[in-house]
Amino acid sequence: MISNERRTILVVDDEMVIREVLEDFLSAEGYEVVAVSSGADALVELEEEHYDAVLSDLMMPQMNGLELMTEINNRGYQLVKVIMTGYGTIETAVQAMKVGADDYILKPFKMEEVLSVLDRGFDRQRLVRENITLRETVNLYRIAETIAHESDSGRILQEIAEASWQETQADFLFLSIFPTPAPKWDPGHQVKVGPLAGTDLQVDELEVGAALARESTLLVQGADGQTFLQGTGAPGPTVSFCAVPLQVPGRMLGLLAAVSFTRRTVFTEGHRKFLHILATKAAAALENTRLVEQLQGANRELLEANHQLQENFVQSILGFARAIEQNDPYTRGHSDRVARYSRIIAEELKFEAQLVEDIFFAGQLHDIGKIGISSQKLNKAGKLNAPEIRMFRRHPEMGKQILEPIPFMRHLISGVYCHHERYDGQGYPQGLAGEEIPLMGRIIAVADTYDAMTSDRSYRKALPMQVALDELGANLGTQFDPMVVQAFLAAVTKGRIHE
Ligand SMILES: [Fe+2]
């Protein structure tokens with residue numbers, strides 16, 4: 001860490017006496033001091049070494065102190081800049097501050113003044129380093145907002161990497177998500193940004209991960225950062241290395257690392273904090289995304305399983321319905337035909353597709369209640385006696401009881417329960433009339449009666465189609481809903497129902 005090292009100061013003055021005095025005095029105070037005689041030499045020195053402060057004369061030949069300060073700022077060096085001037089007018093001081101100097105000293109100066117100006121400069125620099133600036137905070141807020149509303153994990157990583165790079169100006173910005181065994185979750189995703197992103201440079205995830213497990217975040221100045229890198233892409237020794245984890249409670253999802261090989265790009269406490277906050281937000285967003293994906297996956301599987309169960313169940317029920325008919329040569333295929341006629345009527349009435357399908361399904365099941373009734377008795381030649389009629393008439397009620405416990409079949413009950421109601425109220429089991437009878441019941445009643453008339457029965461032969469149609473017409477408004485019969489006759493006219 002910079003604060004633990006000996007601070008280095010560059011003295012720039014064309015007067016040798018001043019250089020020697022400052023060099024001796026500041027060395028004695030514990031600083032490491034290098035003194036040069038011109039602005040040009042100072043710039044060479046700054047390019048080669050890291051300095052914590054520059055103490056420059058104002059009036060020098062060729063490049064004066066203000067020009068030097070301007071150049072230092074242009075090059076982006078981060079250090080304390082102090083101007084020394086023998087021409088102590090307030091204008092010069094203001095000008096010095098305008099071009100980016102942190103402070104100024106009036107010549108002739110006392111050594112204590114130099115020390116206090118430097119201390120003040122270092123204090124301020126430390127504050128800047130330790131505190132995230134307003135600009136960074138605004139930036140951070142913006143990015144956090146963006147990723148909080150992003151559900152694509154790849155986009156979250158890209159956003160974070162770009163923002164981190166912009167903030168740090170790192171030569172190499174590396175963001176990695178560790179592979180996880182969770183299904184459908186991106187298995188190990190890396191994003192690289194910065195001038196060295198195209199090289200084979202890598203951050204040693206094991207090494208950094210282990211260090212982060214010990215210290216929570218890493219900020220390493222100087223060549224020591226080298227130990228965290230792999231590959232041959234490094235252009236020289238590291239200048240600064242910073243790494244933070246993408247952490248959620250109990251688990252490290254990945255890591256974010258910034259590497260600088262450029263002398264003037266030294267990561268600060270502010271950078272470390274910035275990256276840490278960003279990485280924590282990213283980790284939370286990624287974890288949410290993962291949980292949502294998991295939940296959606298589990299939900300999909302559950303829906304599929306449920307659908308499969310329903311399908312199996314439906315097939316079983318239909319199997320029962322057909323089994324009832326199979327035992328009886330007179331009714332074989334009856335339910336399927338009733339279902340087909342019912343569907344045609346529903347289509348003629350321009351019902352929505354789903355309702356049409358429901359009516360078809362209800363038609364297939366309309367006599368499911370006959371499961372418990374002996375077929376010999378129902379199909380005997382000659383008329384049924386009174387107890388037999390009572391038993392037969394229970395089948396709508398029994399069908400209702402069979403379907404009631406099945407949630408996804410409940411909407412079919414009205415078709416099963418009410419297919420023996422009559423429009424004039426003379427039907428059973430409830431004796432409903434007109435519009436009181438549910439639509440499904442009114443439709444199936446027409447389809448059922450037509451098929452019964454046009455099929456052989458144990459007690460009579462099938463009626464010709466025209467006779468059956470005349471019968472429907474004759475009972476329109478008494479037994480049947482006129483609207484339903486008209487729809488049926490329309491379908492016959494169109495050739496949709498034929499012999
Ligand atoms: Fe029936």
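**In what order do the five strands of the open sheet with parallel pairing lie?** The order is 2-1-3-4-5. This is a predicted model: local features need pLDDT of at least 70, side-chain atom pairs count only at pLDDT 80 or more, and totals for chains, interfaces and linings use all residues. Residues are numbered from 1 along each chain as its sequence is written.

**View 1. The open sheet with parallel pairing has five strands**. Strand 2 (32-36) and strand 5 are its edge strands, and each pairs on one side only. Neighbouring strands are turned by 20° against each other on average, direction ignored. Helix 2 (residues 39-48) packs on the sheet and touches strand 1 (8-12), strand 2 and strand 3. Its direction makes about 160° with that of strand 1. Helices (H or I, at least four residues) and strands (E, at least two) are DSSP runs, numbered from the N terminus. Two strands pair if DSSP finds at least two bridges between them. Axes are lines fitted to C-alpha atoms, for helices over the stretch in contact; angles run from 0 to 180 degrees between N-to-C directions. Contact requires C-beta atoms, placed from the backbone, within 7 Å.

**View 2. Strand 4 (residues 80-85) is largely enclosed by the rest of the structure, because six of its six residues are buried**. Buried residues have 20 or more other C-beta atoms within 10 Å of their own; exposed ones have 12 or fewer, and partly exposed ones fall in between, with C-beta atoms placed from the backbone. Val80, Val82 and Met84 are buried on one side of strand 4. Lys81, Ile83 and Thr85 are buried on the other. In a regular strand the side chains alternate between the two faces of the sheet.

**View 3. Strand 4 pairs with strand 3 (residues 53-57) in the parallel sense over five bridges**. Aspartate 57 has methionine 84 of strand 4 as its bridge partner. The chain crosses from strand 3 through helix 3 (residues 65-75) to strand 4, and this β-α-β crossover is right-handed. That means a clockwise path from the first strand over the helix to the second, with the strands pointing away from the viewer. Four bridges join strand 4 to strand 5 (residues 103-106), and these strands run parallel. Here methionine 84 stands opposite isoleucine 105. Threonine 85 has leucine 106 as its bridge partner in strand 5.

**View 4. A second open sheet of five strands, ordered 7-6-12-11-9, has antiparallel pairing**. Strand 7 (189-193) and strand 9 (218-221) are the edge strands, each pairing on one side only. The twist averages 10° from one strand to the next. Strand 6 (residues 172-177) and strand 12 (residues 251-260) run antiparallel, joined by six bridges. Phenylalanine 172 has valine 259 of strand 12 as its bridge partner. Helix 9 (residues 269-326) packs on the sheet, touching strand 9, strand 11 (240-248) and strand 12. The direction of helix 9 makes about 30° with that of strand 11.

**View 5. Helix 18 (residues 482-493) has twelve residues**. Its first and last C-alpha are 16 Å apart, close to the 16 Å expected at 1.5 Å a residue; the expected span is 1.5 Å times one less than the number of residues. Val484, Val485, Ala487 and Phe488 are its buried residues. Seen down the axis of helix 18, they fall within an arc of 160°, so they line one face of the helix. The arc is that of the directions from the helix axis to the C-beta atoms. The buried residues pack against helix 10 (334-348), helix 16 (439-453) and helix 17 (465-474). On the other side of helix 18, Pro482 and Thr493 are exposed. Just after helix 18, glycine 495 takes a positive phi of about 85°.

Definitions and conventions. Two residues are in contact if their C-beta atoms, placed from the backbone, lie within 7 Å.
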